[in-house]
Amino acid sequence: MSPTPSHSASRLLILITAGFGLALGAQAASHDDEHASGAHGAASSQEEPKVIAKDSLKQKMAAGKAAAKAEKSDPKAEPTSVSMAELRDLIDQKIAEVRAKQAAAPAVKVVNKSPKPRAVAMSGQVKQSMAAYGAAAVPGLPAGHDLHWEYTGTAGPQSWGQLKPEFKTCSSGTRQSPIDIRDGIKVQLEPIQFDYRPTPFRVIDNGHTVQVNLDPGNNITVSGRRYELVQFHFHRPSEERINGRQYDMVAHLVHKDAQGRLAVVAVLLDQGKEHPMVQLVWNSLPLEKEIEQASPVMLDMNLMLPEQRQYYTYMGSLTTPPCTEGVLWLVLKQPATLSPYQLSVFSRLYANNARPVQSASGRMIKEGQ
Ligand SMILES: [Zn+2]
């Protein structure tokens, strides 16, 4: 079998394909010209050669068909006849492909759009859990302004689960926070790697607490997973208890990983020396609720942490509605200190914004040594 016939056949195919492509180009160009104003005079002058190409394609295709017919009618035809038949099929196939592509073009656009709602739904989920912790997901918008829950009265912690269907976990959940941390299993826990740096920050009184929203750039790594610090806020008195003991206050440093999982570092706060970093936050307290106050200085979160970094850890929940579970809690054993005056500043705003302790329900608690 000589390679020549198939070679010439493929050369013809290339010519036809090229011609067809040009013809399509001419069609597209003339279509565009219909919409273009007369200002694009140059466009119409390009039309002519393309029309010629289209005509020459017709000629080539006609020639190909005629050749194929002639070959077919000759019973003694060389292998060329097979090639020409194949070629005709290929041409038909090519035309069908091009037509299919043209027809499919709008459908492809729709397909490209379809994954978007899913992505929105995921980020919405994350946003919901962050909003629950009062993170200002949308800069400039007040955080948590539509959550009608309180720390006392009819909308108090005992009722949170009944306030809204999405708060149901607050009453039905079995891995809720805070808890009284006791009977932890004493083990060697790997240290939390804090990667904090001076960062611009904004302070907001969101109606439930004083919260500090931070620019990105502060991270922790724990159990090989990296979480970014999003915000921190305060409770008075401390929500968590250690062997029954409640502290004057606690700071919750809320971190989130790329999948939206939360890890909260709790820094217990005891009365003692003034806390220089907390003072920077108090200095930027906004005059009105639900309005973010940007600070002119940076915040170095390393200064928030006590010297000793041993911690307790357990799996719990958000301590505010919707009380979402699956939150990794990292409660530092050594408290930091606030001056009596610093404590009184927060008391004037929130005398009690601590959820009562929840049942530990036999959960595993680990205590680092
Ligand atoms: Zn908290």
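Both cysteine 170 and cysteine 323 are buried, where buried means under 20% relative accessible area, exposed means over 50%, and partly exposed lies in between (1.4 Å probe, protein chains only). These two cysteines form a disulfide, with their sulfur atoms 2.0 Å apart; a disulfide here is a pair of cysteine sulfur atoms within 2.5 Å. By this rule the count comes to one disulfide. The link of cysteine 170 and cysteine 323 is right-handed, with 90 degrees about the S-S bond. Cysteine 170 lies in helix 6 (residues 169–172) and cysteine 323 in the loop between strand 13 (311–317) and strand 14 (325–332), so the pair ties together parts that are 153 residues apart in sequence. Helices (H or I, at least four residues) and strands (E, at least two) are DSSP runs, numbered from the N terminus.

The model is a predicted one, in which local features need pLDDT of at least 70 and side-chain atom pairs count only at pLDDT 80 or more, while totals for chains, interfaces and linings use all residues. Residues are numbered from 1 along each chain as its sequence is written, and side-chain values use heavy atoms, with hydrogens and water left out.

The chain as a whole comes next. Its secondary structure comes to eight helices and 16 strands. Of its 369 residues, 38% are buried. Among the contacts in the chain with a separation of 6 or more, 68% are between residues 24 or more positions apart; contact means heavy atoms within 4.5 Å. The accessible surface comes to about 20,100 Å², and 56% of this belongs to carbon and sulfur atoms. Accessible areas come from the Shrake-Rupley method with a 1.4 Å probe, and for residues only the protein chains shown count as cover.

Which residues coordinate the zinc ion? They are His233 (NE2), His235 (NE2) and His252 (ND1), at 2.0 to 2.1 Å. Donors are N, O and S atoms within 2.8 Å of the metal (3.2 Å for Na, K and Ca); water is not among the atoms, so sites may look incomplete. In sequence the donor residues are spaced H-x1-H-x16-H. Histidine 235 lies in strand 7 (residues 225–235) and histidine 252 in strand 10 (residues 249–256), so this pair ties together parts that are 17 residues apart in sequence. Histidine 235 counts as buried because its relative accessibility is 1%, and histidine 252 counts as buried at 0%.

Two strands pair if DSSP finds at least two bridges between them. Strand 13 and strand 14 run antiparallel and are joined by seven bridges; in strand 14, tryptophan 329 is the bridge partner of tyrosine 314. Strand 11 pairs with strand 14 in the parallel sense over four bridges, and here leucine 328 of strand 14 is the bridge partner of alanine 263. Six of the eight residues of strand 14 are buried, so the strand is mostly covered.

Glycine 272 is partly exposed, with a relative accessible area of 33%. Leaving aside neighbours within four places in sequence, glycine 272 is in contact with Thr337, Leu338, Ser339 and Pro340. Glycine 272 and leucine 343 are 71 residues apart in sequence, and 9.7 Å apart in space, C-alpha to C-alpha.

Leucine 343 brings us to helix 8 (residues 340–349), whose buried residues are Gln342, Leu343, Val345 and Phe346. They cover an arc of only 155 degrees around the axis, which puts them on the same side of helix 8; the arc is that of the directions from the helix axis to the C-beta atoms. On the other side of helix 8, Tyr341 and Arg348 are exposed. The cover over the buried residues includes strand 5 (210–214), strand 7, strand 10, strand 11, helix 7 and strand 15 (336–338).

A separate open sheet has three strands in the order 1-8-9, with mixed pairing. Strand 1 (180–181) and strand 9 (245–246) stand at the edges, each with a single partner strand, so one side of each is left without a neighbour in the sheet. Strand 8 (residues 241–242) pairs with strand 9 in the antiparallel sense over two bridges, and arginine 245 in strand 9 is the bridge partner of isoleucine 242.
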